[in-house]
Amino acid sequence: MSGDRVYPDEPAGPFEAPPLSFVDREGRDIEIRPYPPDADGEAGEEEFEALVEMYTAFDPADRAQGIPPGRESDVRSWLETILGDGGYNVVAWDGDAVAGHATLVPDGDAYELAIFVLQAYQGAGIGTHLMEALLGHGAANGVDKVWLTVERWNRAAVGLYKKVGFETSDAESFELEMTAVLADPA
């Protein structure tokens with residue numbers, strides 16, 4: 001299907017690349033940083049374990065399309081895959097705790113986007129900042145085409161994606177496929 005994917009003519013963005021900080025609607029100081037956090041592409045054990053902790057705490061009712069996985073062993077395996085070579089990741093931190101994670105996973109000449117915000121942090125503006133930071137991080141690293149799928153009844157997610165510049169490219173199933181072209185970094 002990726003060869004048939006339609007992308008918008010107008011680019012989304014530009015978006016600021018991380019690291020960046022903001023105060024969410026609940027008054028929490030949130031910092032968004034690339035993952036892995038250091039220049040040589042290595043992440044520390046503590047950062048990885050914090051991600052595992054967020055995903056094992058994820059409410060099963062908020063899982064979509066089978067992700068994130070439910071069991072800790074599956075979470076670890078899944079994270080090792082999406083954090084692997086070729087993708088881009090950003091993490092929203094509330095102190096030492098992970099509030100959210102977004103990823104761009106290579107898929108041919110484009111990248112598939114997925115974003116997760118822990119339930120206790122939803123509705124506070126973190127998803128918007130996380131999405132924009134991920135797109136800024138991707139654009140700064142040469143990513144130009146991004147796509148995602150979302151369940152059509154997930155109005156909050158669809159609204160977020162439209163807000164940052166995604167357009168519906170396929171609406172023929174219970175999921176919407178949405179695409180974006182990223183603006184060159186400013």
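Reply: Happy to! A salt bridge is a side-chain nitrogen of Lys or Arg within 4 Å of a carboxyl oxygen of Asp or Glu. By that rule, the structure holds eight salt bridges. This is a predicted model, in which local features need pLDDT of at least 70 and side-chain atom pairs count only at pLDDT 80 or more, while totals for chains, interfaces and linings use all residues. Residues are numbered from 1 along each chain as its sequence is written, and side-chain values use heavy atoms, with hydrogens and water left out.

Let's begin with Arg5. Its side chain meets that of Asp107 in a salt bridge, 3.6 Å from N to O. This pair links distant parts of the chain, 102 residues apart: Arg5 is in the segment before strand 1 (20–23), while Asp107 is in strand 4. Strands (E, at least two residues) and helices (H or I, at least four) are DSSP runs, numbered from the N terminus.

How accessible are the two partners? Arg5 has 11% relative accessibility, so it counts as buried, whereas Asp107, with a relative accessible area of 25%, is partly exposed. Buried means under 20% relative accessible area, exposed means over 50%, and partly exposed is in between (1.4 Å probe, protein chains only).

Arg5 and Asp107 also belong to a network of salt bridges that includes Glu177.

Now for two more pairs. Glu31 and Arg33 form a salt bridge whose closest N and O atoms are 3.1 Å apart. Glu31, at 29% relative accessibility, counts as partly exposed, and Arg33 counts as partly exposed at 23%.

Asp74 forms a salt bridge with Arg71, and here the closest N and O atoms are 3.6 Å apart. Asp74 is partly exposed at 32% relative accessibility, whereas Arg71 reaches 55% and counts as exposed.
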